[in-house]
Amino acid sequence: MIRETLATTLLAAAAFSLFPQLASSAEIQVKMLNKGSDGEAMVFEPAAVKVAVGDTVKFVPTDKGHDAAGVKELTPDGVAAVEGKMNQELVVKIEKEGAYVIKCTPHYGMGMVALIVAGDGKPANLDAVKAAKLPKKTRDRLDAEIAKLGL
Ligand SMILES: [Cu+2]
C-alpha cells in the first residue's frame, strides 16, 4: 500500500518535471495599436507583462504598420532577440528568466516599446534595462512600465 502510494507520487513528480507546461503555461496577447485605450499614440497593449518561464507572448498586429522585435542588448544573456515582421503576428516562447524589451522598429523613437518580465523577483538584467540610453519618450514609457510591475 505504502509502496504503491510512493510509486504514484514519484510518477506524478516525473511527469510534472517532464511536462511542466501542462501545469502552468499560459499565452498572453499583446496588441500593436495606433492608439491605446489611454489615448496614447503607437503603443503595445498591455505594454508590460509578467510571465512564467514556459509561457508564450503573442504580439498581434491589430493595427497595420507595426512589428515586434527584441532589443538585442536588452534581452537576457544567452537569449537571441526575436525578430518579427511588419504586419505579422509574432509568438515568443519564453525560455529564460529575465527582462525582455520589445520594440516596434518604425515607432521605437516614439515610445512604442513593451516589457516582458519572466520569473519572480528582480530580473538579473533589470539594471541594464533601467540604465539604457533611449529616446526620451521611449525611456519614459519603459520607466512607467517598470514601475507598473513594481520593479
Ligand atoms: Cu509601431
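Here are some questions and answers about the predicted model shown above.

Residues are numbered from 1 along each chain as its sequence is written. Local features need pLDDT of at least 70 and side-chain atom pairs pLDDT 80 or more, while totals for chains, interfaces and linings use all residues, and side-chain values use heavy atoms, without hydrogens and water.

Reader: What pattern does the protein follow, read along the sequence?

Author: Let's start with the pieces: helices (H or I, at least four residues) and strands (E, at least two) are DSSP runs, numbered from the N terminus. The secondary structure comes to four helices and eight strands. Read along the sequence, the pattern is α-α-β-β-β-β-β-β-β-β-α-α.

Reader: How many of the residues of the protein, in percent, count as buried?

Author: Buried means under 20% relative accessible area, exposed over 50%, and partly exposed in between, with a 1.4 Å probe and protein chains only. The protein has 151 residues, and the share that counts as buried is 41%.

Reader: Which geometry does the site of the copper ion have?

Author: Donors are N, O and S atoms within 2.8 Å of the metal (3.2 Å for Na, K and Ca); water is not among the atoms, so sites may look incomplete. Here the protein donors are His 66 (ND1), Cys 104 (SG), His 107 (ND1) and Met 112 (SD), lying 2.0 to 2.6 Å from the copper ion. Four donors count as tetrahedral if all angles lie between 85 and 135 degrees. The angles among the four donor atoms are 92 to 129 degrees, so by that rule the site is tetrahedral.

Reader: Which residues touch the most other members of the largest nonpolar core?

Author: A nonpolar core is a set of buried Ala, Val, Leu, Ile, Met, Phe, Trp, Tyr and Cys residues joined through side-chain atoms within 4.5 Å. In soluble globular proteins, nonpolar side chains tend to be buried together. The largest core has 20 residues, and those touching the most other members are Phe 44, Val 51, Phe 59, Ile 94 and Ile 116.

Reader: Where on helix α4 do its buried residues lie?

Author: Helix α4 spans residues 136-148, and its buried residues are Thr 138, Arg 139, Arg 141, Leu 142, Glu 145 and Ile 146. The arc used here is that of the directions from the helix axis to the C-beta atoms. Seen down the axis, the buried residues of α4 fall within 165 degrees, so they line one face of the helix.

Reader: Is Ile 146 buried or exposed, and which residues is Ile 146 in contact with?

Author: Ile 146 lies in helix α4 and has 3% relative accessibility, so Ile 146 counts as buried. Contact means heavy atoms within 4.5 Å. Leaving aside neighbours within four places in sequence, Ile 146 is in contact with Leu 115, Leu 126, Val 129, Lys 130, Arg 139 and Leu 151.

Note on methods. The expected span of a helix is 1.5 Å times one less than its number of residues. Four donors count as tetrahedral if all angles lie between 85 and 135 degrees; four count as square planar and six as octahedral if opposite donors are over 155 degrees apart and all others between 65 and 115; anything else is irregular.
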